[in-house]
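Here are my notes from a sitting with this chain.

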Amino acid sequence: MDWVQLQVTVTPELVEPVSELFHRYAKGVVVEQSGGFNPDEGEGPDPEAPVTVTAYFPNDRRAGWRRERIDFGVRVLSLIRPVPSPQERVVSPKEWEESWKAHFPVLHVGCRLVLAPPWSEVAPMPGQVLVRLDPGLAFGTGHHPTTRRCVTELERLMKPGARVLDVGCGSGVLSVVAARLGAGEVRALDIDAAAVRATRANARANGVLRDVRVRRGTLPRPGLGAFDLVLANLSARLLVTLAPHLHAVLANDGVLVGSGLLEERRDEVVAALEATGLALGEEFHDEEWVTVVCKRGDDDRYY
Ligand code: SAH
């Protein structure tokens, strides 16, 4: 079947309302931000740089209705701030497949996991666990080396029934994978409201909404309790700042997977984690990114 592609290039403050509108009526939404910034150091995209938002839906008998709803939404948004009319194109199944495959290939991570966009027709082999993540929603589809490493470590380290905490959940990729791999309880935190919504949407799409409790916020958070596995794919700066709190939420034999730091900040982050009493177990280097796996040591100087 052919697909309809609606594409609009907007200023950054319109990305969220436009992509939410697209999400409501389309099957897949892709947000393409300009690169050239380093989220590890708390940098964001150039606040002025235009962003392209693309919606895809099948060119079936509901296509006209979807297009009308989107056009209507764009006109409503334009009352607040002008939004250009989306450019429409019909793409052949072949072109559609090539375009999303180029952007979001199906990923095989760890031993059993298959991460795929919602519209992919991939079928899991026996024993594989398929997790569908919408790349239009928030950071984290498994295409970033740190996300992939965290997923691999999650699969390796998590025991069934474990309590898992995901600090900075983004799209919810790690939380959803944990729930799908049989975590007993998953708690997810993010300071960004869009990430909280994305995590809920991805949890729902994977049938684990009841297993993942998502809240807007950060550590410390009273009453969270202790976790067997804490995932924190953040940044060097945040790992240093949050180190004592990450230590505090670990159960006695709990494990922390910290990532999102660049090699040049590795020593500083490890020192901050060790100062809380955590012991560095392993570390992984993927491209210029580092992931550390720490255990709660015996020497609990902070708590
Ligand atoms: N866990 C996902 C996303 C990582 S991106 C993955 O592994 O791919 C980092 C996320 O941390 C972003 O969604 C950002 O909003 C969030 N974040 C930034 N500062 C934070 C803080 N102080 N506490 C909690 N989350 C934070």
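This is a predicted model: local features need pLDDT of at least 70, side-chain atom pairs count only at pLDDT 80 or more; totals for chains, interfaces and linings use all residues.

Entry 1: Is Asp 286 buried or exposed? I looked up the relative accessible area of Asp 286 and got 16%. Buried means under 20%, so Asp 286 counts as buried.

I then checked where Asp 286 sits, and found it in strand β13, which covers residues 278–286. Next I listed its contacts, setting aside neighbours within four places in sequence. Pro 145, Arg 149 and Thr 291 came up.

**Entry 2: two helices.** I turned to helix α7 (residues 236–248) and helix α8 (residues 266–275). Their axes come within 8 Å and cross at roughly 15°. Angles under 35 degrees count as roughly parallel, so I wrote α7 down as roughly parallel to α8. I also noted that the crossing of α7 past α8 is left-handed.

Which residues make the contact? From α7 I have Ala 236, Leu 239, Val 240 and Ala 243. From α8 I have Glu 268, Val 269, Ala 272 and Leu 273. Sorting the residues of this contact gave me 7 nonpolar, no polar and 1 charged.

**Entry 3: confidence.** I looked up how the model scores along the chain. The average pLDDT is 89, and 91% of the residues score at least 70. I flagged residues 299–303 for myself, where pLDDT stays under 50. For that stretch the model has 13 contacts beyond four places in sequence.

Conventions:
Residues are numbered from 1 along each chain as its sequence is written. Side-chain values use heavy atoms; hydrogens and water are left out. pLDDT is the predictor's confidence in each residue, from 0 to 100. Contact means heavy atoms within 4.5 Å. Axes are lines fitted to C-alpha atoms, for helices over the stretch in contact, and angles run from 0 to 180 degrees between N-to-C directions. Helices (H or I, at least four residues) and strands (E, at least two) are DSSP runs, numbered from the N terminus. Angles under 35 degrees count as roughly parallel, over 145 as roughly antiparallel, 65 to 115 as roughly perpendicular and the rest as oblique. A crossing is left-handed if the near helix is turned anticlockwise from the far one by less than a right angle, and right-handed if clockwise. Ala, Val, Leu, Ile, Met, Phe, Trp, Tyr, Cys and Pro count as nonpolar, Asp, Glu, Lys and Arg as charged, and the others, Gly among them, as polar. Buried means under 20% relative accessible area, exposed over 50%, partly exposed in between (1.4 Å probe, protein chains only).
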